[in-house]
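Subject: Structure for you to take over

Hello,

I am passing this structure on to you. The sequence and model come first, and my notes on the contents follow.

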Amino acid sequence: MNGVCSSMLANYLGKLRCPEVSKEIIEHKLCTKGTVAKLLQPYVVSPEDCKDVLSLIDYLMAKKSISFDSISIPEAETFLQYFQEEIKSYSQQHIDILKKLPLYEKHSGKLTSLYSYKKCHLLSGSFPEVPNGLWKKCSCVFLSPKHHLQLLLQGIGASAIDVFDVYKMYIFPNFQILSNQYRVAHLKYIRDTLMPYHLNSEQQEHIIRILSSVELIPSEDGTLKRVDYFFDPKNKVFMEMEDKCYHLPKEFADDYRWGNFLERLGLKTTVTKSLFLQYVNRVATSAIRCTSAALKPILCKSKLLAGELNNNNDLRTPDTFQEISKIKFIPSARVRHDLCDIHPPFLREGTDVVPFICYNGNISEQHVELAWTSCFLLPQWAIPTRHEYIRKKTVDLHQYLGISDKQSLDSVINHCQNICDRMAKQNCPETEDSVPRKTRETLSSVLIEIYKYLQQNINNTPLKTRLSNTPLVLVDNGKMLVRANQLAYKLGPLPSDALQPYMYTPPRALGQYDALFQQLGTEENATFQQYAHVLTSIKERCKDNIMDPNEKKKALLATKALFYYLSDIQCKNNTESVNRLYLPSTTDKLKLSTELYYGSKHLIHRIGQSEYDFILPLTECGCDVTKENMSVNLLPEKNRPKDVGKVVSEKISLHAKPCIAESCDYICHFKEMLSSEELALALKRIIRYQQGPKFLDTSRKDQIARLKTKLRIHCMKKLETMMYNPAKEEYIDGSEKQQQIFMSESEDGFDLYLNHGDIPGEVRLLGKLVRKLNMVISWQLKDCSIVQTLLSKGVEHFEEILSEDYHIPEYDHIEGVKENETSPGKPVPEDIVHLLNDDPINTFRAGEVVALRKSIQEADGAESESGEYVFAEVIAVLDLHTDSDDTLGLKRKYKVNTGGSEPVEVSCNDLFKFKRPEEPKPKDLEVYTGAGENNESEARAREDISLADAKSKIKKTLEAAFKLTADERKKVIRRLYKQWHPDKNLENKNIATAAFQFLQQEITRLESGKPDMESYSRFYEEWNSEAHRHRQQHETYQNHYHRHRNRHHRSSSSYSYVPPSFCTTTPNPREARVWFRQAEQDLQSANNDLNVDNPSYNWVCFKVHQAVEKALKAAKYSIDGKPKHDSTSLLSLAYAIQTHSSCPPGLDEETSMLDKLGCDFSNTRYPRHHLIPSESYKKQQAEDAVKVASRMLKHIKDFIGIQKF
């Protein structure tokens, strides 16, 4: 070290109060040189030895005999510069001594020791002061960088650091322990100096991230919170919606310079979507519990939020709008007082609380006049601007909020109904108007707006259906609201004001809305419905009281106009919509039209007016009854008063006297003529001539037959009738009338009463009689004059009169079988059964129409010999080659269609072809032979064959038959028996008789070979009867066929032939047996009831009735297959079968006996004459009924059994 440095070092050490020894002085005093240095060397250090100096200082510091207080910073630097010379040679001990020296200049400008700090940094830059305690807590010290001490500082471990790292490493982690003053100072430094001038963007973001997570701002309660805990109070939404504890402290809020900085740290300055949703839901919840006193703050919040929604671009997105669209945080708009005078706002009647609503489904208050009573209205300040430009596309945000551009038709209709129904209650047609003029004017302007809107939607379906009964039209200078269907431009024969206040003409001021009013029911000419409603309105006012003069005047005028409307033929189709019509009665009351009565003058005069309410005569209503068709019959049937002539009935008077003679010539003349076959045939000829051939079907023929079966004729010495009231079951006094002819109708027929006279052909009498006959045959005659002419003559002149005088062609009563009557399952007509080909050797082809014989089960399970025949169609042949021994094909099976859901398999022995009828004999008559290979068997049956051939064929067939099963064998033998029976072979009777005898002998011979077999002779009687019946049918049929052979139907098939049928009935033996079995069951049940304790004799008689009814219907089934299912009268059912030649004798007497015993369908079950049936019927009565019924069922069973079908 040079002298200057040594001198300076010595001087500095002196300041440190280190003792100094002068070698020169000691040597001078002791007068020795060199000896002193050696002597002192172990006890002193030389400034030239840095390590010794360090050791000395460390020693003195330990002894506390050294002080650095007087050392300045330059002197300290000189010391350190001195020690830097040998820094590289220092041991760790020397380094530790160096750190103990308080010679290091801190960043704050003060000297410090480094020994107590774990970290030492060389700080470039500066930052606000921090409390000393912080650095002690962190055990670090910051030194000012000294370039001339760089080696020393590096040697002792000092590292360079900048302000960014200081904050990151030491200040931010300990920010919470700083006082508010220090925190604010550092934040200002970071805000104003560090970030703008010393940090790059990456470092800035790092600082922001750290500060965002640091609790650095004191809240209202003094605790530190992160910046994102606070809301910017400058945002009015936050100021209103957030509690004060969340507001940013005033010292930050008032200084605008904090705004951006704190916002970066997380300060909530703008309302986000999530916050907005929280706020609107909070307002919606508060609004539910809100009272009128607490309404103002909620309204304020609602307005702020609505404004935020409109101004905050972050919220103006479709998703946000859609989420808030259904939250009720908007107060409904207030409605003007003048409108409230007309009707309270929607759901606001009787309350001042403002309801809060959502956007979705509501409209702006701009449409208030169209909607204030039917929906809530959005205040205009709450509606955000409609369009937003998002992603290069204009978006309609109102669509996502659900705000309607205009009111819906449904809502306007509801609104119209609300205000009109309310204001219509204040109609004042006959008094001073109690509604203020201003309110009437407001109502008029509102309705004009509604009219405009409705007219734009005039074609919408709900318009007419919902508003047709709403009084929405202002009439009578605004004093009255009436329905559109109460308006008509013309009131028929009446002046325009004749029906006020029930009907008006449309106001001229509203002429531009005529199309709307017409859609709602306004008519050009008043209609039936409108007049009917006028009468209904008057009825509602007067109720069941007598009408006052004004009401009666209006009612008569409305009735007059109504009938004039109906008299117009073009209007008759527009009357069906009126279900209840009120009309004036003779008692000056309005009555339901269907409760009133009308009738001819003579009938009303005959009945009197005390029994019934009659409609007021049309002449008293002002109607001109001389006008054509002006009558009550103009009314629709459902609104028409009752014809008193149909309500009351005319009956033979109790004072009428029958003819004394039991059978006078007068009545015999009419009975003979009216029941004659000649009259029935004449009527058919006339009706067919008048109505056409297709008119006279089976049902109409049956109606003509009623003249013979249903018409009973009585002769009266004094024929007097009276009107009868069925409701009271009594005759009407004063209604007696002498008659020339009278007819009454009952369930079982017609009773014709004639006043006894000497001139049967009197013109007036015959005219009345023909009209009665036309009634019996259901008015089939168009012109009765021809029949009147016939009745004036004898029956022997009918043919002459019809043919020569009126040129009416002969009635052709024979008809052929139509093609659809041969469909599978249909019964084969009885008159062509004899034409079935009984030859058992036959071949059938697919598609061929044949007859199928079906057996009938008797009650005991046995098969009836009679059986029944139905049409069938062959579908397929089965088992063609199953048996080589079956050379004749008697085992062959066929699949046929019998009309059921599935085909059935049948034996060939059950199938029959049809033979052709015999053609006339004259040679010049061409005979249709029906060529075809399948007619070979028929041809064989017609040709004369030798007896030997016949016997050979019979023998072969029988031998084959006896190889079959018992059932099939019987079928073949039955067919052979009928095939060769003399009654069925009249043209070859000799050969047929011999062959028939041979057949019987062969049957006996073959039976003898089988002793166990029952003889077929027991069936001969039945088969003979059937063959004999077929002979009779043959003769009758041939007569019909020869006369009408050119008219009968011929099959179009070359191999399927069905002969024509001329009968109109087809017996149904199968159904007859079913009904009879049930009749036997009913009778057995009646017998059982007699043998129980305490039997109900009325039920015994009822079951007897049921048994006989079913037995009689079974008999009718066996005759013609057409029983009267709707009839329960035993007399009527018995009468229907009495005309048959085989009808059991005495059937009518036994039926009458049951009728006298009380076996009736109704009397056995229902009370009569104040007695219940169990009190009316006695034991002897029931026992006699069972006995009579038993006899009848036995006779009917025999009757059904002898009918051979």
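The charged end of Lys642 is placed over the ring of Tyr597, 5.1 Å from the ring centre. A second case involves Lys268, whose charged end sits over the ring of Phe231 at 4.7 Å from its centre. Please keep in mind that this is a predicted model.

Aromatic pairs

Searching the whole structure gives 37 aromatic pairs. One of them is Phe79 with Phe83: the ring centres are 6.3 Å apart and the planes are at 20 degrees, so this pair is stacked, the planes being under 30 degrees apart. Both residues belong to helix H5 (residues 73–84), where they are four residues apart, about one turn of the helix. Phe79 is buried, at 0% relative accessibility, and Phe83 is buried with a relative accessible area of 0%.

Another pair, Tyr167 with Phe172, is tilted, with 5.3 Å from centre to centre and 40 degrees between the planes. Tyr167 and Phe172 are both buried. They also belong to one aromatic cluster, which is made up of Phe127, Trp135, Phe142, Tyr167, Tyr170, Phe172, Phe175 and Tyr189.

Helix H5 and Gln84

Gln84 also has its place in helix H5. Is Gln84 buried or exposed? With a relative accessible area of 12%, Gln84 counts as buried, because that value is under 20%. Setting aside neighbours within four places in sequence, Gln84 is in contact with His148, Leu149, Gln150, Leu151 and Leu152.

The E4-E3-E5 sheet

There is an open sheet of three strands, in the order E4-E3-E5, with parallel pairing. Which strands stand at the edges? They are E4 (140–143) and E5 (159–162); each has a single partner strand, so one side of each is left without a neighbour in the sheet. On average, and with direction ignored, neighbouring strands of this sheet are turned by 40 degrees against each other.

Strand E3 (residues 119–124) is joined to E5 by four bridges, and the two run parallel. Within this part of the sheet, His121 stands opposite Ser159 in E5. Helix H9 (residues 163–171) lies across E3, E4 and E5, and runs at about 90 degrees to E5.

Cysteines

How many disulfides does a search of the whole structure find? The search finds zero. Cys120, for example, is in no disulfide: the nearest cysteine sulfur is that of Cys140, 9.3 Å away, and a disulfide needs the two sulfur atoms within 2.5 Å. Cys120 counts as buried, at 10% relative accessibility.

Cys1101 is in no disulfide either; the nearest cysteine sulfur belongs to Cys1159 and is 4.5 Å away. Because that distance is not within 2.5 Å, the two sulfurs do not count as a disulfide. Cys1101 is also buried, with a relative accessible area of 0%.

In brief

If you want places to start looking, I would take the stacked pair Phe79 and Phe83, then the aromatic cluster that includes Trp135 and Tyr189, then helix H9 where it lies across E3, E4 and E5.

Regards

Key
Residues are numbered from 1 along each chain as its sequence is written. This is a predicted model: local features need pLDDT of at least 70, side-chain atom pairs count only at pLDDT 80 or more; totals for chains, interfaces and linings use all residues. Side-chain values use heavy atoms; hydrogens and water are left out. Buried means under 20% relative accessible area, exposed over 50%, partly exposed in between (1.4 Å probe, protein chains only). Rings of Phe, Tyr and Trp (its six-membered ring) pair if their centres lie within 6.5 Å; planes under 30 degrees apart count as stacked, over 60 as edge-to-face and the rest as tilted. A charge sits over a ring if NZ of Lys or CZ of Arg is within 6 Å of the ring centre and within 35 degrees of the ring normal. Two strands pair if DSSP finds at least two bridges between them. Axes are lines fitted to C-alpha atoms, for helices over the stretch in contact, and angles run from 0 to 180 degrees between N-to-C directions. Contact means heavy atoms within 4.5 Å.
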